[in-house]
Amino acid sequence: MSQQRWTVRANGSTTDGSRALGVLLAVFDFPMLNAGFRAVIDAEPDMHVIGELEDRETLAEQIEATTADVIITECLPYSSGGCTTMEAIETIRAAKPAVKIIALECRCSSEQFSLALKAGADGFLTREAQGSDVVSALRCVSHGQTYVSPEIVTRMVNTYVLRTPQGHLEDPYDALSDREREVLLLAAVGNTNREIAKVLHLSEQTVHNYRANIMEKLGFHDRVELLMYAIRRGVINAADL
């Protein structure tokens with residue numbers, strides 16, 4: 001196991017004697033981001049960076065040994081199966097169930113936000129996050145709340161509130177065919193193209209085409225938007241997820 005570079009404040013406490021929030025950085029591929037995070041976090045009186053992980057291969061063992069309250073992590077690089085965002089988060093969650101996790105966008109998947117939260121992340125920061133966003137995210141998750149970057153909130157508002165330039169509400173669901181509605185239902189709850197193809201006895205390419213048509217008609221870009229629309233439209237019930 002490689003050595004962790006610990007820079008701990010004296011006693012890990014704040015000036016009033018209370019315990020400072022300990023943050024561990026697991027951002028392996030972007031050392032300049034670590035430097036930025038450290039500068040922002042250590043400037044706050046009630047939180048500090050307790051270390052930076054250097055060895056991805058022994059992530060679980062390093063997490064088990066940490067005393068951090070919150071871990072900021074990127075997703076791992078591409079594997080043969082694509083983006084492995086969930087792998088890093090699930091590894092951390094399994095090694096230290098009580099620790100809070102903030103995932104950092106790596107832009108290798110348009111569905112990364114939903115995948116990260118589904119895997120167990122407590123917060124999600126985009127690459128555009130400012131120092132104040134990082135501090136807000138840390139304070140938010142430390143109090144048991146879920147944090148989402150303002151950029152994602154803005155995108156959702158633009159999608160669901162400002163969709164029609166004329167200002168009147170339209171329901172694009174009426175433009176979907178019966179088959180497209182079936183694919184929408186199955187896709188919204190997380191089924192892959194292969195799984196949908198088996199259920200509907202179609203080819204994967206046909207399902208891919210249906211999903212592309214649905215996204216175009218509804219004006220969406222990823223599954224989290226599709227899921228939120230399906231819940232809002234009443235196609236699925238959030239309680240059943």
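Colleague: Where is the place of His201?

Modeller: His201 lies in the loop between helix H8 (193-200) and helix H9 (204-218). Bear in mind that this is a predicted model.

Colleague: Buried or exposed, that His201?

Modeller: His201 is exposed, with a relative accessible area of 72%.

Colleague: And what is phi of His201?

Modeller: Phi of His201 is near 60°, which is a positive value in a residue other than glycine. Most residues other than glycine have a negative phi.

Colleague: Which residue with positive phi follows H4?

Modeller: That is Gly120, and its phi is near 125°.

Colleague: Which residues of helix H4 are buried?

Modeller: Helix H4 covers residues 112-119, and Gln112, Phe113, Ser114, Ala116 and Ala119 are buried there.

Colleague: How many bridges join E3 to E6, and do they run parallel or antiparallel?

Modeller: Strand E3 (residues 70-74) is joined to E6 by 5 bridges, and the two run parallel.

Colleague: How many bridges join E6 to E7?

Modeller: E6 and strand E7 (residues 123-125) are joined by 3 bridges, and these strands run parallel.

Colleague: Which residue in E7 stands opposite Ala103?

Modeller: Phe124 in E7 stands opposite Ala103.

Colleague: Back to E3. Is Thr73 buried or exposed?

Modeller: Thr73, which is found in strand E3, counts as buried at 2% relative accessibility.

Colleague: What is Thr73 in contact with, leaving aside neighbours within four places in sequence?

Modeller: With those neighbours left aside, Thr73 is in contact with Ala26, Ala88, Ile92, Ile101, Ile102, Ala103 and Leu104.

Colleague: Now the helices. At what angle do H1 and H5 pack?

Modeller: Helix H1 (residues 31-42) and helix H5 (residues 131-142) pack at about 70°, and their axes are 10 Å apart. The two helices are therefore roughly perpendicular to each other.

Colleague: Left-handed or right-handed crossing, when H1 passes H5?

Modeller: The crossing of H1 with H5 is right-handed.

Colleague: Which residues make the contact?

Modeller: H1 supplies Phe37, Val40 and Ile41, while H5 supplies Gly131, Val134, Val135 and Leu138. Sorted by class, the contact of H1 with H5 has 6 nonpolar residues, 1 polar and no charged ones.

Colleague: On to Glu180. Which helix is it found in?

Modeller: Glu180 is found in helix H7 (residues 178-188).

Colleague: Buried or exposed?

Modeller: Glu180 is buried, at a relative accessible area of 4%. Leaving aside its neighbours within four places in sequence, Glu180 is in contact with Ala175, Tyr210, Asn213, Ile214 and Lys217.

Colleague: What about Leu185, what is its relative accessible area?

Modeller: Leu185, whose place is also in helix H7, has a relative accessible area of 35% and is partly exposed.

Colleague: Which residues is Leu185 in contact with, again leaving aside neighbours within four places in sequence?

Modeller: With that exclusion, Leu185 is in contact with Val235 and Ile236.

Colleague: And what separates the C-alpha atoms of Leu185 and Ile196?

Modeller: Their C-alpha atoms are separated by 9.8 Å, and the two residues are 11 residues apart along the chain.

Terms used
Residues are numbered from 1 along each chain as its sequence is written. This is a predicted model: local features need pLDDT of at least 70, side-chain atom pairs count only at pLDDT 80 or more; totals for chains, interfaces and linings use all residues. Side-chain values use heavy atoms; hydrogens and water are left out. Two strands pair if DSSP finds at least two bridges between them. Helices (H or I, at least four residues) and strands (E, at least two) are DSSP runs, numbered from the N terminus. Axes are lines fitted to C-alpha atoms, for helices over the stretch in contact, and angles run from 0 to 180 degrees between N-to-C directions. Angles under 35 degrees count as roughly parallel, over 145 as roughly antiparallel, 65 to 115 as roughly perpendicular and the rest as oblique. A crossing is left-handed if the near helix is turned anticlockwise from the far one by less than a right angle, and right-handed if clockwise. Contact means heavy atoms within 4.5 Å. Ala, Val, Leu, Ile, Met, Phe, Trp, Tyr, Cys and Pro count as nonpolar, Asp, Glu, Lys and Arg as charged, and the others, Gly among them, as polar. Buried means under 20% relative accessible area, exposed over 50%, partly exposed in between (1.4 Å probe, protein chains only).
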